[in-house]
Amino acid sequence: QVQLVEAGGGLVQAGGSLRLSCAASGRTFGGNAKGWFRQAPGKEREFVAAVDGDGRKTVTADSVKGRFTISGDNAKNMMYLQMNSLQLNDTAVYYCAARAWVNVATESRHYEYWGQGTQVTVSS
């Protein structure tokens, strides 16, 4: 079983940067595809970015492309989301997730393990 814990959220001014981390415990995190999702109040959970199990392929949502970068360190059981040029509509609870396969997925239903979320609030 995999347990995920996000950290790094907080208040940031528009145009600023923030780095989120996801720490995993358990024995199935390494080698599996991982992703970041976010959910704003009154909205569905949406895909942000994902990386495959061997770290060779990444997929990023159009809404954050060029601003957010996903990365991971399987040796440390860690995953990161570097967020630059933050905008007001980036405000959301951000979740990290992992799935049982190597290949990436962009839909939340394909992920089995989820963190508790970390709040990111972007102010003007």
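A residue is taken as buried when its relative accessible area is under 20%, and as exposed when that area is over 50%. By this criterion, both Asp-90 and Arg-38 are buried in the predicted model. The two residues form a salt bridge in which the closest N and O atoms are 2.9 Å apart. Arg-38 belongs to strand E4 (residues 34-39), whereas Asp-90 is in the loop between strand E8 (78-83) and strand E9 (92-98), so the contact ties together parts that are 52 residues apart in sequence.

Asp-90 also meets the side chain of Arg-67 in a salt bridge, with an N to O distance of 2.7 Å. Arg-67 is located in the loop between strand E6 (58-60) and strand E7 (68-73), and Asp-90 in the loop between E8 and E9, so this pair ties together parts that are 23 residues apart in sequence. Arg-67 and Asp-90 are both buried. Arg-38, Arg-67 and Asp-90 are linked, together with Glu-46, in a network of salt bridges.

A further salt bridge is formed by Asp-62 and Lys-65, whose closest N and O atoms are 3.2 Å apart. Asp-62 has a relative accessibility of 66% and therefore counts as exposed. Lys-65, at 52% relative accessibility, likewise counts as exposed, because the cut-off for this class is over 50%.

In total, 5 salt bridges were found in a search of the whole structure. Among them are the Asp-90 to Arg-38 pair, the Arg-67 to Asp-90 pair and the Asp-62 to Lys-65 pair.

Definitions and conventions. Residues are numbered from 1 along each chain as its sequence is written. This is a predicted model: local features need pLDDT of at least 70, side-chain atom pairs count only at pLDDT 80 or more; totals for chains, interfaces and linings use all residues. Side-chain values use heavy atoms; hydrogens and water are left out. A salt bridge is a side-chain nitrogen of Lys or Arg within 4 Å of a carboxyl oxygen of Asp or Glu. Helices (H or I, at least four residues) and strands (E, at least two) are DSSP runs, numbered from the N terminus. Buried means under 20% relative accessible area, exposed over 50%, partly exposed in between (1.4 Å probe, protein chains only).
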